[in-house]
Amino acid sequence: MSRHTLSDGLTKDERITPSQFHLHLPQLAPLPKLVGAYYRGEIAWEGFESRFTEHLKTEAMQILLMTLARQAMTEDITLLCIEATPDRCHRRLLVEEAKVLLPDLKTQIN
């Protein structure tokens with residue numbers, strides 16, 4: 001889960017409760033300015049995807065993703081998001097980048 005708010009970035013999303021997750025890693029989220037630009041229509045999904053994927057390739061993100069991917073090799077991990085489908089969702093981009101780092105990682109995107 002990147003954030004626990006509605007698209008405005010401020011209003012608490014009542015659909016998300018602590019009972020739904022056991023670990024919150026906001027550092028895996030897109031930067032707030034990027035999310036805001038997308039939701040305000042300042043950039044199209046393609047721009048969001050490109051910029052977030054670029055962010056995932058930074059050294060700090062690669063280390064974090066590799067840690068998460070290695071953990072996923074030994075236990076099931078579920079990435080949560082408020083988006084209805086993975087088509088335009090950062091969780092799909094996270095999974096795709098994790099698979100670049102660990103090609104044998106088995107994944108399922110719903």
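**Aromatic pairs and a helix contact**

Tyr38, Tyr39, Trp45, Phe48 and Phe52 make up one aromatic cluster. Trp45 is also buried, at a relative accessible area of 6% (buried is under 20%, for a 1.4 Å probe and protein chains only).

This is a predicted model, where local features need pLDDT of at least 70 and side-chain atom pairs pLDDT 80 or more, while totals for chains, interfaces and linings use all residues. Residues are numbered from 1 along each chain as its sequence is written, and side-chain values use heavy atoms, with hydrogens and water left out.

Trp45 turns up again in a helix contact. Helix 2 (residues 45-56) packs on helix 4 (residues 90-101) at about 40°, the axes being 10 Å apart (helices are DSSP runs of H or I, at least four residues; axes are lines fitted to C-alpha atoms over the stretch in contact, with angles from 0 to 180 degrees between N-to-C directions). On the helix 2 side, Trp45, Glu49, Phe52, Thr53 and Leu56 meet His90, Arg92, Leu93, Leu94 and Glu97 of helix 4 (heavy atoms within 4.5 Å).

Ile82 sits in the loop between helix 3 (59-72) and helix 4. Its C-alpha atom is 8.9 Å from that of Asp13, 69 residues apart along the chain.

Terms used: Helices (H or I, at least four residues) and strands (E, at least two) are DSSP runs, numbered from the N terminus. Buried means under 20% relative accessible area, exposed over 50%, partly exposed in between (1.4 Å probe, protein chains only). Rings of Phe, Tyr and Trp (its six-membered ring) pair if their centres lie within 6.5 Å; planes under 30 degrees apart count as stacked, over 60 as edge-to-face and the rest as tilted.
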